[in-house]
Amino acid sequence: MNIVFSKAGILSRALLCLFALALTPTQAALAEQNGRDIAFGSFTLKITPGQAGLLDAQLLRKGAAIAPRLEALREISADPIQADFPLPGCQTMKISLFTGGANCCFGYYLLSSGQGRDYAAYLEPGDGGLGDSNIPGAYAATDGAFMYYEKKDGQGNAISLNRVESPRLPRLLVFDRDSWRADRPGEFKAAYAAYATPAPTGDSAQTARAITGAYARLMAGENEASVLASFSAALPAAHKPLAEAAFADIRKALAAFSPAVNIPIK
């Protein structure tokens, strides 16, 4: 079962006494039960009330702060502990940090312990996600660089994608030696094969699928010239004049993707 902390769930015993009249017995018991920090091995995520009813969080190891304090979080949840991940003999807890809004955004702490060492990383809240993958020692990640993507030229040609149309670009977050990093082009070719399928019809949907396909082919290690050619061919006629400019943005996004900040452990 996931452990979830919301703004209603971090009231201390003292606050429960002050607000006893405002809470039903069930609500009071739930608030008291959930009024806990998240503990994992030598790590503790200390959760405190923030401004405007939101949550603040401070990551500690052996009682000492190891990362900047996070503020204005709407919800904090801890996934079940993963055994033998990302390495044999290690255990990992993924903590999700929801900042709020209808669709955005989630950040994460990745805490691991095993083989006599601890590891920690932070992913800033973004328009993406982090889930399971079939690659050992890796998470399935999402590059949100093309959310609400727009590209125009001086000839009246334009690409404009809304949130629903925007492509969620597939990536992997892999554990390498003692830290998390984004996967590299050509490193996991098979993981990107499913994304290089023909694009659906309809200008925006077709363009979004073409962007995803080009991104995936580059991640599979294909030659850039051939990927550009297939990308241009996959675009609808209205967007073909912007093929080279959009492809340059794809290459730039691919190279810039580096969501994990590894936290030094002394």
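**What percentage of the 266 residues of the protein count as buried?** Of the 266 residues, 42% count as buried, where buried means under 20% relative accessible area, exposed over 50% and partly exposed in between, with a 1.4 Å probe and protein chains only. This is a predicted model, in which local features need pLDDT of at least 70, side-chain atom pairs count only at pLDDT 80 or more, and totals for chains, interfaces and linings use all residues. Residues are numbered from 1 along each chain as its sequence is written, and side-chain values use heavy atoms, with hydrogens and water left out.

**Figure 1. Overview of the fold.** The secondary structure comes to 5 helices and 18 strands; helices (H or I, at least four residues) and strands (E, at least two) are DSSP runs, numbered from the N terminus. Among contacts with a separation of 6 or more, 51% are accounted for by residues 24 or more positions apart, contact meaning heavy atoms within 4.5 Å.

Figure 2. H3 has 17 residues and reaches 24 Å from its first C-alpha to its last, close to the 24 Å expected at 1.5 Å a residue; the expected span is 1.5 Å times one less than the number of residues. The helix is mostly covered, with 13 of its 17 residues buried. Ser204 has its place in H3 (residues 203-219) and is buried, because its relative accessible area is 19%. Leaving aside neighbours within four places in sequence, Ser204 is in contact with Ser160, Leu161 and Glu165. Just after H3, Gly221 takes a positive phi of about 90°.

**Figure 3. The largest nonpolar core.** A nonpolar core is a set of buried Ala, Val, Leu, Ile, Met, Phe, Trp, Tyr and Cys residues joined through side-chain atoms within 4.5 Å. Of the 44 residues in the largest such core, Trp180, Phe231 and Ile250 touch the most other members. Elements that give two or more residues to this core include strand S17 (179-182), helix H4 (224-234) and helix H5 (243-256), while H3 gives the most, with 8 residues. Apart from this core lies another, of 21 residues, among them Ile38, Ala67, Leu73 and Ile76.

**Figure 4. The largest pocket.** This pocket has a volume of about 250 Å³. Of its 15 lining residues, Glu124, Gly126, Thr142, Phe257 and Pro259 are the closest to its centre. Strands S10 (106-114), S11 (117-126) and S13 (138-143) are the elements that give two or more residues to the lining. By class, the lining has 6 nonpolar, 6 polar and 3 charged residues; Ala, Val, Leu, Ile, Met, Phe, Trp, Tyr, Cys and Pro count as nonpolar, Asp, Glu, Lys and Arg as charged, and the others, Gly among them, as polar. On a 1 Å grid over the protein atoms alone, a pocket is an open set of points where a 1.4 Å probe fits, with protein on both sides within 12 Å along at least five of seven lines, and lining residues have an atom within 4 Å of a point. Grid points are joined across faces, edges and corners, and a volume is the space filled by probe spheres set on the points.

**Figure 5. The second largest pocket.** About 190 Å³ of space lies in this pocket. Of the 15 residues that line it, the closest to its centre are Ala140, Pro170, Arg171, Leu172 and Tyr195. S13 and strand S16 (169-176) each supply at least two lining residues, and the largest share, 4 residues, comes from S16. The lining divides into 9 nonpolar, 3 polar and 3 charged residues.

**Figure 6. Backbone features in two loops.** A cis peptide bond, with omega of about 0°, joins Phe85 and Pro86; Pro86 has its place in the loop between strand S8 (82-83) and S9. Asp84 is found in the loop between S8 and S9 and has a positive phi of about 55° although it is not a glycine. Asp84 counts as exposed, because its relative accessibility is 53%. Arg177, in the loop between S16 and S17, has a positive phi of about 65° although it is not a glycine, and is exposed, with a relative accessible area of 76%.

**Figure 7. The surroundings of Thr99.** Thr99 lies in the loop between strand S9 (90-98) and S10 and is partly exposed, because its relative accessible area is 27%. Thr99 and Glu75 are 24 residues apart in sequence and 7.1 Å apart in space, C-alpha to C-alpha. Leaving aside neighbours within four places in sequence, Thr99 is in contact with Ala72, Leu73, Arg74, Cys104, Cys105 and Pro125.
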